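Please look at the sequence and the structure before reading on.

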Amino acid sequence: MTATMELAPVRLVTPSAAADRASPIVRLAGVVRTYREGGLSTPVLKGVSLTLSRGRLHMVLGASGSGKTTLLNLLGGIDRADAGDVVVDGLNLTTAPNRDVVRFRREQLGFIFQFYNLMPTLTARENVELALEHQPLAASARRARADEVLAAVGLQDFRDRFPGQLSGGEQQRVAVARALVRRPALLLCDEPTGNLDSESGQHVVMLIDTLRRESGTTAIVVTHNPALFSAPDRVLHIKDGVIDEACGHA
Ligand SMILES: Nc1ncnc2c1ncn2[C@@H]1O[C@H](COP(=O)(O)OP(=O)(O)OP(=O)(O)O)[C@@H](O)[C@H]1O
Ligand SMILES: [Mg+2]
């Protein structure tokens, strides 16, 4: 893989984010999420409250089934809380109309899903290009940016393959490229190195941190590896449906 991700700057930090870097980007207050299915009720988040600072690297730890993916889905506007406020850059995702949530996802968010969620009928390059479809870019520029980020994750020779023709780790790196290509204001990463060898994993960590430093991106990274980042700004532990606040702030 190449050592750096050299991307032409594209404005992706929203004017509101740029205007007030000191305000928290995320505020959760009393967030409750219970899954209900066929008479079965699974309480997962039982009143999560916290604020997260802009431009920082947050690491989220917790046992399997503790609610890490559930939390990221709420932060990414993919799922809604049953109660409480999930406010991201001033937008309350619990109550906002769908069109505002969709715009937030398009304009502000990069999401590396735990199980990648690549489009199986699109090539690696097309999957990454798709993340740029609402950007004011010519098709050639879109392709060039997609190729640049695919090269940054070491997949320059794999860009015309479909996900089904890639290994798990290669698919994960396509998912990383797709999330990073927009230089999002908020980057949510669900075990982004779970399927990678340690060298590739460290490279992805470096790309995330480079994006954060260069673009002011706020990164929230779920992992089972407490040593993934040598110096995260903040470490959050999810346990028993709440965030363990004993573990420090930034
Ligand atoms: N759509 C759903 N319907 C019902 N239960 C669900 C649903 N999604 C998740 N759960 C349950 O909610 C709990 C939290 O799930 P979640 O995926 O957030 O855990 P996690 O911390 O991400 O775990 P892992 O580390 O294994 O990825 C689990 O007990 C899970 O079985
Ligand atoms: Mg999970």
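Predicted model: local features only at pLDDT ≥ 70, side-chain atom pairs only at ≥ 80, totals over all residues.

Q: Which atoms of lysine 68 and glycine 65 lie by an oxygen atom of ligand 1, and at what distance?
A: For lysine 68 it is a polar side-chain atom, 2.7 Å from an oxygen atom of ligand 1, and for glycine 65 a polar backbone atom, at 2.8 Å.

Q: Which residues are closest to ligand 1, and how many surround it?
A: Ligand 1 is surrounded by 14 residues, the closest being Ser64, Gly65, Lys68, Thr70 and Gln114; a residue is near a molecule or strand if one of its heavy atoms lies within 4 Å of it. Helix H2 (68–75) gives the largest share of this shell, 3 residues.

Q: Why is E1 called a strand that pairs with E2?
A: Strands (E, at least two residues) and helices (H or I, at least four) are DSSP runs, numbered from the N terminus. Two strands pair if DSSP finds at least two bridges between them, and strand E1 (residues 26–37) and strand E2 (residues 40–52) have 10, in the antiparallel sense, so they pair. One of the bridges joins threonine 34 to proline 43 in E2, and in the hairpin of E1 and E2, with 2 residues between the strands, glycine 38 takes a positive phi near 50°.

Q: How do you know that E1 also pairs with E4?
A: E1 and strand E4 (residues 83–88) share 5 bridges in the antiparallel sense, which meets the requirement, so they count as paired. Arginine 27 stands opposite valine 87 in E4.

Q: What share of the chain counts as buried?
A: Of its 250 residues, 52% do, where buried means under 20% relative accessible area, exposed over 50% and partly exposed in between (1.4 Å probe, protein chains only).

Residues are numbered from 1 along each chain as its sequence is written, while chains are lettered from A and ligands numbered from 1 in the order in which they are written. Local features need pLDDT of at least 70 and side-chain atom pairs count only at pLDDT 80 or more, whereas totals for chains, interfaces and linings use all residues, and side-chain values use heavy atoms, with hydrogens and water left out.

Conventions
Polar contact = N/O pair within 3.5 Å; in protein donor to acceptor, adjacent residues only side chain to side chain.
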